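This report is meant for a reader who is meeting the structure for the first time. Please keep the sequence and the model in view while reading.

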Amino acid sequence: MSQGTGHYYVPAPSKWPIVGSSAIFFLGFGAAMTMNKIPAGYYMLGIGFAILIYMLFGWFGDVARESEEGKYGMQEDKSFRWGMSWFIFSEVMFFCAFFGALFYMRVLSIPWLADVNHDLLWPNFTADWPTAGPGIAEKFTPMGAWGLPAFNTFLLLTSGVTVTLAHWALKQNRRPALKMWLLATVVLGATFLACQIYEYGHAYADLNLKLTSGAYGSTFFMLTGFHGFHVTLGTIMLTVIYFRCAAGHFKPEHHFGFEGVAWYWHFVDVVWLGLFIFVYLL
Amino acid sequence: MAVVQDVHGHHDHHPSGIMRWVMTTNHKDIGTMYLWFSFAMFMVGGFLAMGIRAELFMPGIQILEPQLFNSFTTLHGLIMVFGAIMPAFVGLANWQVPLMVGAPDMAFARMNNWSFWLLPVAGLLLISSFFVPGGAAAGGWTFYPPLSAQGGLGVDMMIFAIHILGASSIMGSINIITTILNMRAPGMTLMKMPLFVWTWLITAYLLVLVMPVLAGCVTMLLTDRHFGTTFFNAAGGGDPVLFQHIFWFFGHPEVYIMILPAFGIVSEIIPTFSRKPLFGYSSMVYATASIAILSCVVWAHHMFTVGMPAVGQLFFMYATMLIAVPTGVKVFNWTATMWRGSMTFETPMLFSIGFVFLFVIGGFSGVVCAIVPIDIQVQDTYYVIAHFHYVLVSGALFSIFGAVYYWLPKWTGHMYDTKLANLHFWLSMIFFNVAFFVQHFLGLAGMPRRIPDYSLQFADFNMISSIGAFGFGLTQLLFLYVVIKCIRGGEKAADKPWEGATTLEWTLPSPAPYHSFETPPVIK
């Protein structure tokens, strides 16, 4: 609950926040300009990403160094735990917005568009799901659940097991097993992403299912897309942790960097289960 | 028992000049920057307000073209909410939460700096959007589609500004929650925390809950605008009303995000100058939590005229009215704290009493707006404008003024100029009411909001309102003068300039040293 020892590590003045803000400056203006087809926007985005990557390396590098130097005690560890938990909670709420949009369309707006009040406007529209909505004529085939998506579910669930095995190995100080299971998790995550990319290609090429395919296309691509983006981040994080393990970082009793990433990985896993049920299955 | 600080032992390496502020990890520096940024944005938002009131001074189009007028109202709202009020509260939290819980600094000192330095970027995006082709966003601060699906670069700049502000708020909130939950001095149990800390804990929870939803909302708007999704487009099975649901799921807790810390501030100031402990401390905590929970299930009362099943209207009406109960508990407790106290009326106390008085007016007009048949009449009229300025200006802003006067002696080591500060209060109080009270009548008579021109029968009240607004705006320059004067000198402040104050920050010297509570105090 409160300060046990009275030692709390307060870092020295750091350039990373302002470096990060200048990255965000370029990214914000660059993105707004790119969306409006102003050529300078692409350059600004490029500069922004470059600075952002530099900042991420520098900042996380500092944190990893401080951790290895033993500057973080029990109380700092607890701060990181609270911080990561609330961050994941905020991510959950971000996905809630998109799930909310999906439920609203399926339960409310699409039946409303097909009801008797809209007969004059959309006479032939029926409230079926999947649908592109009453005003989009282009036909598409929805994505089935039991092919690649089911395999992807299997991949992610397995990766949840392997990351836990890695954690056990870390706690028992079995370093080779730790590295092996962690590598397996990274490979499973990367395979998932590869499957997802293949699925998107299949959707566009064979099913005529696009981001512009109305309600179904919007929710399908935005939900799976943001999830895929989070899996990408998670895989990068796991890769970083793998190299840190290879460099001898983390101790059996002190390894929040590892645990934070594992929590994040379980979070993307759980989001996927929601996606599999509500986007693919139902 | 010293804090492990990297700079210890080689203070000479501490960056000085501008770099001190840019690279700082000190909660007091960051709090100061938040407060100054907030004041700068308050001036920008105030300038826009003056433009709006100047246009509305007389009927007819005088100085602002309708499109620019719409940009002014839109950016006035966004800048005041996200640029002035919220950063001011975060600045106060940065300064005070570590001092009040006996912590050496915020839990994540570097991230704290980043959450501040994101704000100027967002501010720049918003302000510079006035100068791009097509101008700034003009669809109102709530940017409903389909209006916001139109518009050019300015709307996209607004969307990315909101993304950045949201990221800043989420980081700031995580920092505050972690500091409160993990960095309290030994012996300070949750139910011994000062109420300002309690209200900020609950506010920060609300922020982490709803800010990501706003991020999702503007993301959908962005993809609808540029990538052909149809979230808010009925032709594709979506619904513009969906936007309103998502927006107000964020937006209603947001208004409590802007008032709960104000409740906390007033709950610190009133006991101090009544020289009595706060009446009903635990009921205050529970009332704050109840308000926060209720605020998440009332959002559609902003949408009564959109079209909603009667059951929905009834639910949202009753749920909204229910919030009056915990709010009433608070007002009762503040009044009961003052009851038979040995009261004195220093400037912070004046602002707090002004707060209670005027916030209650805003609260009651809120209950009026919650009643469906009445809301259908007053929706989008000046009645609503009057209502939310009574809770946001004489509510949130007055509490911020009170807090600044209350803690200025601790921050600067000097007493502020009492006469001028009291003048600031009285001028603010009078001009505020001149500006906004008449707007109730305008609204009830049917004057719509967000329109640059009006019918002749509204002319007198509009002129009165504009005079009040100009007076209120000018008065704030006096506030700036008082603060600068206090920073530059003045009567030396005692460590505890208010005899009735009880919280931990008053055990420190004035001005508070750069590093405080390196050894945690023990609370009995």
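## About the model

This is a predicted model, in which local features need pLDDT of at least 70 and side-chain atom pairs count only at pLDDT 80 or more, while totals for chains, interfaces and linings use all residues. Residues are numbered from 1 along each chain as its sequence is written, and chains are lettered from A and ligands numbered from 1 in the order in which they are written.

## Domains and a helix pair of chain A

Chain A is divided into domain 1 (9-71) and domain 2 (76-281), with bounds that come from an automatic or database domain assignment. The C-alpha centres of these two domains of chain A lie 25 Å apart. Four residues from domain 1 and four residues from domain 2 of chain A make up their contact, where two residues are in contact if their C-beta atoms, placed from the backbone, lie within 7 Å.

In chain A, the axes of helix α1 (residues 16-35) and helix α2 (residues 40-68) come within 7 Å and cross at roughly 155°; helices (H or I, at least four residues) are DSSP runs, numbered from the N terminus, and axes are lines fitted to C-alpha atoms over the stretch in contact, with angles from 0 to 180 degrees between N-to-C directions. α1(A) and α2(A) are therefore roughly antiparallel to each other, a term for angles over 145 degrees.

## Where the chains meet

The contact between the chains takes 67 residues from chain B and 61 residues from chain A. On the side of chain B that touches chain A, the elements giving two or more residues are α1 (18-23), α4 (109-128), α5 (153-182), α6 (195-226) and α7 (240-257) of chain B. The largest share of that side, eleven residues, comes from α5(B).

## Two single residues

Leu275(A) lies in helix α7 (residues 256-281) of chain A, and Leu275(A) is buried because 24 other C-beta atoms lie within 10 Å, the cut-off being 20 or more, with exposed meaning 12 or fewer and partly exposed in between. Leaving aside residues up to four places away in sequence, Leu275(A) touches Leu223(A), Thr224(A), His227(A) and Tyr280(A).

Ile451(B) has its place in the loop between α15 (418-444) and α16 (459-488) of chain B. With 14 other C-beta atoms within 10 Å, Ile451(B) is partly exposed. The C-alpha atoms of Ile451(B) and Pro66(B) are separated by 7.6 Å, although these residues are 385 residues apart along the chain.

Note on methods. Parallel < 35°, antiparallel > 145°, perpendicular 65-115°, else oblique.
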